[in-house]
Amino acid sequence: MERLCDEVLQLIFYELADPSPLTQVSKRFHTFSQDPYVRAHYFLIHYGPLEAMYHALGRGKVITERVLDILLSSGAHLSRYLIQIAIHHYFHTQTHFIKTPWVRNVPLRVFAYFLKLAEERYGDIPRGKGEDDGSLFAAFLKESRLPPLMKSVTWETIRTLMDTYNFIPFSNRDPIMSQFPLALAIEPRLLPYAVTNGFSMDYKYRDFVFRKMFERPAVSSETRADDIADNVRELCKLDPAMFVSRTVAAEVCMEAKVNEVGYAALKQLDKSGALRFELSTLVEDLLATFLTTRSICSVSTADILLHLFADFPSTDITVRLVVLVVVFIASDNLHMTHTAIRARLETLGLTPITRRDALNVLVNPFVERYSSVINFARHEIGVKDDGSKGMSSHQIHSLVEEVAARCLEIACKGKLLKSLNEGFPHLRHTITKLALQKYQLDLEDVPSWEDGSDCQSYIAKLCRDFLRYGVGEVHAIESLLPEQPKKETANLEHAESSRDGDNTEHVTPFTESPDLQKDESASELGDISQESLTTMIRQDELTPVRPRRRIMYSYGPSETSGKFRYPQDPVHIGKWVKSFFGAKSSVTAIFMTHAVINDNCSMLHHYLMHDGGSPSNGRVPTTFKHFQLLARLGRTPNFYLWHDIEVGAEFYFDEEEYISRTDDDIVYWVPRKVKIEAPQSTVSFSSVHGPSSRINKGKKRPRRSAAVTVRSYAVPDSDDEAIASDHSFGIDDQEEKMTRKETSLQLWIKHLSLLLKTESRKYAAMKKRLERAASPESKVRVQKNDFVKSLTTNLRTLRKIESEKYHLEDVAEDYSDDQDDDDYMSRRTKKRKPTNV
């Protein structure tokens, strides 16, 4: 360090937050730090010209008259605002935001010289309370929404502060620093003066500034759309980094009806080409986001969407469906006739409506009533055989059946499916036939963990938990496309078959699609959301300037439920199936299997914990097939399955054992075979797991007399012989009770134990294969899946419950004290007490 030249040592000084400890290392460093040039340039380089004077005044012992001269001559920014705050702080008149000694550490002689330099630069400086430049700037921001005649501080006054007195916040801790961009939103002509004083517009303030420019004016304000558009153009010309992003434009569009001035200014900017994107494309992307969110059901949001679509009509298939859903939801709420609905659709330019449009509207997750759509289809969609307009009864039934079939996989459509079955009773057999033929699962239908497939990502089609994973992809692109004539469809199928018949593979070079380039450019211009402009402005204003400890702020968008992807009060399809078909029906059994695979906790709780007198409120049985499916997938069985077994669930191999044979729906049942592993041991289960084979520690030993032959105390040729014979029959009955058949809990333990052995053998075989393939020196470890771990733990619990249950019920053994067992002799010798000799 002593050999370093002064230039390198100076660079080291500039990088240190506090060079004081380094100055005490050697005499050379101490002498080097006394140089006024080194001290002044330390503040300039380490803190920057804008904050150099503020931090220099905080080091009172370091500041001298020479250091102040070098700071000012080298470019340190000195505003009248900084001088006023320093005077107030030094003489204890007002503290402002500074809570440290700061300038009070400066010697009086040096501070007097600082005031002399300030007077030479700015002349007489206002020193009264509330007369500083910061107070004037705060008053200007506070009065920004008032009419011009009521303002006490005009923008010309602020221009004079910035131009003549170099006003700018001198520290990031100053609260005015976070509000300074707001002045540029109010008056963009102040930006050149702020840049001259050293202000640089951060990109994170860009949206904040433009939000304030498009803010809804007060009722008494004279702000016009032309004024807002001119201010935006002026600001964009002054700084190339300033432009209206897609985020702010979408927020303005969400207030199209309440903020007409801002919305009109945005349309003027779009017509003049001042925006970096097409406003029609933005509106199209904004409307498409409402297809999968709950906010489409809001009345106020629906009015805005229709207003935007009327101003910017679109041919996009997703936008078309959004508007159709909005129209039919409103028609259900207002009980509109099919004539009124047709007039509204014609005004929006959405006619004619096809059968596919009606289908897509009904399967939307947020449409829970069908009356307006079906009534409109009867009178306005298609042509009947007699030439009249509308759909026939057969066509209506076909449409309803297709809707019901689609709703089975949309978990939150329970209300619609319930109302459809009430209006069309024939749907019961349609749903039953479809569920039993399409959604019945066997072991071979699910992937196996042994094949190396991704079993964790496998999801059954029915009974999904939409609260955790959403409702899935309801509207695919193919389902939104308009219907093609049959001739065109046949031609397409013929073309595809001809391509499939050609053995030559046609490889096309990869090129980036225009849509992908469009998405990338759109992301650079900002992401769009469904929040309104007022909501985001309030969020910006309520965000704390500086984070404080132990304080929780509830700022942010107030309405978050509108972004949920399921209705307000949904009814799960699985709950409706159980209440409609019954707990032990074939359809409910299929939904139960899918719920077990998907680990749907809410549905398993409803199926296994709701027990009532009626069949629809009873418990859905748990079967051994459920555990076999989970074993194949390698997944952990849900807690409710184990709890159902512990409380005494009856053992069933599969659904066929408990489904009622008198049910009419059984004709659609496809019989499946459940693979059962045969036990390798010939020992009976009762001899292995029976209560007599367990060693009961902690209980009293049975009397030896219980094991010997029972003595008879009956008197010969008397009535006691009949009593003795009756007693012998009682003993035979007791022996029959001892050989009772296996209970449900024992059957569960027996078959789950065999399943555990089967899975363990699979892991042993896999380990052997890996050991053969690996080198002899390496040690192979095979991690068991979650199913085996859970089964091992819960089997131990079930055996414990079975053991405690049989010990409490076993009344054949007679336990007594040891005083009657005189013939029992202990072979243990008593320990002698040591004696002191």
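Which residues in H25 meet which residues in H31? The structure under discussion is a predicted model, in which local features need pLDDT of at least 70 and side-chain atom pairs count only at pLDDT 80 or more, while totals for chains, interfaces and linings use all residues. Residues are numbered from 1 along each chain as its sequence is written, and side-chain values use heavy atoms, with hydrogens and water left out.

In H25, Arg428, Ile431 and Thr432 meet Trp576, Phe580 and Phe581 of H31, contact being defined as heavy atoms within 4.5 Å. Helices here are DSSP runs (H or I, at least four residues), numbered from the N terminus. By class, this contact has 4 nonpolar, 1 polar and 1 charged residues; Ala, Val, Leu, Ile, Met, Phe, Trp, Tyr, Cys and Pro count as nonpolar, Asp, Glu, Lys and Arg as charged, and the others, Gly among them, as polar. Two packed helices are described by the angle and the distance between their axes. The axes of H25 (residues 427-438) and H31 (residues 573-581) come within 13 Å and cross at roughly 120°. Such axes are lines fitted to C-alpha atoms, for helices over the stretch in contact, with angles running from 0 to 180 degrees between N-to-C directions.

Helix H15 (residues 246-253) illustrates burial: 8 of its 8 residues are buried, where buried means under 20% relative accessible area, exposed over 50%, and partly exposed in between (1.4 Å probe, protein chains only). Among them are Arg246 and Glu251.

Charged pairs form a further theme. The structure holds 22 salt bridges, each a side-chain nitrogen of Lys or Arg within 4 Å of a carboxyl oxygen of Asp or Glu. In one of these, aspartate 133 pairs with arginine 80, the closest N and O atoms being 2.8 Å apart. This pair links distant parts of the chain, with aspartate 133 in helix H9 (residues 133-142) and arginine 80 in helix H7 (residues 80-90), 53 residues apart. Aspartate 133 counts as buried because its relative accessibility is 0%, and arginine 80 counts as buried at 7%.

Arginine 127 and aspartate 124 form another salt bridge, with their closest N and O atoms 3.5 Å apart. Here arginine 127 is exposed, at a relative accessible area of 52%, and aspartate 124 is exposed at 65%.

The side chains of arginine 224 and aspartate 227 also meet in a salt bridge (3.8 Å, N to O). Aspartate 227 is partly exposed, at 27%. Salt bridges that share partners join Lys212, Glu215 and Arg538 into one network.

Technical notes
Helix = DSSP H or I, 4+ residues; strand = E, 2+ residues; numbered from the N terminus.
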